[in-house]
Amino acid sequence: MASSLVRPSHDRWIGGVCSGLARRFGISSNTMRLIFVISCLLPGPQFLIYIALWILMPAER
């Protein structure tokens, strides 16, 4: 586990959620984005979780 859960000010495409999660778990941002896109093919609340994390995760200062 690398650091705290924040949305970085750089390396973000939409909201920075995937970049923040990738940094937190110590993996590549593109790998996390790929995991998210693949998970969207499965049934579930992925978009709602993404939006909730976008709102709840603090932005990096």
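Is Glu60 buried, partly exposed or exposed in this predicted model? Glu60 is partly exposed, with a relative accessible area of 28%. The close-up views below take up this residue and its partner, then other parts of the structure.

**View 1. The salt bridge between Arg23 and Glu60.** Arg23 and Glu60 form a salt bridge in which the closest N and O atoms are 2.6 Å apart. Arg23 belongs to helix 1 and Glu60 to the segment after helix 3, so the pair ties together parts that are 37 residues apart in sequence. Arg23 is partly exposed, at a relative accessible area of 27%. For Glu60 the corresponding value is 28%, also partly exposed.

**View 2. The salt bridge between Asp11 and Arg33.** Two salt bridges are found in a search of the whole structure. One of them joins Asp11 to Arg33, with the closest N and O atoms 3.6 Å apart. This pair links distant parts of the chain, 22 residues apart: Asp11 sits in the segment before helix 1, and Arg33 sits in helix 2 (residues 29–39). Asp11 is partly exposed, with 39% relative accessible area. Arg33, in contrast, is buried, with a relative accessible area of 10%.

**View 3. The crossing of helix 1 and helix 3.** The axis of helix 1 comes within 10 Å of the axis of helix 3 (residues 46–56), and the two cross at roughly 80 degrees. Helix 1 is therefore roughly perpendicular to helix 3, given that angles of 65 to 115 degrees count as such. Where the helices meet, Val17, Cys18 and Leu21 are the residues from helix 1, and Tyr50, Leu53 and Trp54 are those from helix 3.

**View 4. Val17 and its surroundings.** Val17 is located in helix 1. Its relative accessibility is 1%, and Val17 therefore counts as buried, the limit being under 20%. Apart from residues up to four places away in sequence, Val17 touches Arg7, Tyr50, Leu53, Trp54 and Met57. One of these, Trp54, is 37 residues away along the chain, yet the C-alpha atoms of Val17 and Trp54 are separated by 6.0 Å.

**View 5. Gly20 and the buried residues of helix 1.** Gly20 is also part of helix 1. With 1% relative accessibility, Gly20 counts as buried. When neighbours within four places in sequence are left aside, the residues in contact with Gly20 are Leu5, Val6, Pro8 and Met57. Ala52 lies 32 residues from Gly20 along the chain, and their C-alpha atoms are separated by 14 Å. The buried residues in helix 1 are Val17, Cys18, Ser19, Gly20, Leu21 and Ala22. Helix 2 and helix 3 are among the elements that cover the buried residues of helix 1. Just after the helix, Gly26 takes a positive phi of about 75 degrees.

**View 6. A nonpolar patch on the surface.** Trp13, Ile14, Ile51, Trp54, Ile55 and Leu56 make a nonpolar surface patch of about 760 Å². Ile14 comes from the segment before helix 1 (17–25). This residue is exposed, with a relative accessible area of 61%.

Technical notes:
Residues numbered from 1 in each chain as written. Predicted model: local features only at pLDDT ≥ 70, side-chain atom pairs only at ≥ 80, totals over all residues. Heavy atoms only, no water. Patch = residues over 30% accessible without salt bridge, like charges linked within 9 Å, V, L, I, M, F, W, Y side chains within 5 Å. Areas by Shrake-Rupley, 256 points an atom, 1.4 Å probe, with all protein chains shown as cover. Salt bridge = Lys/Arg side-chain N within 4 Å of Asp/Glu carboxyl O. Helix = DSSP H or I, 4+ residues; strand = E, 2+ residues; numbered from the N terminus. Buried < 20%, exposed > 50% of the residue type's maximum accessible area, 1.4 Å probe, protein only. Contact = heavy atoms within 4.5 Å. Axes fitted to C-alpha atoms, helices over the stretch in contact; angles between N-to-C directions. Parallel < 35°, antiparallel > 145°, perpendicular 65-115°, else oblique.
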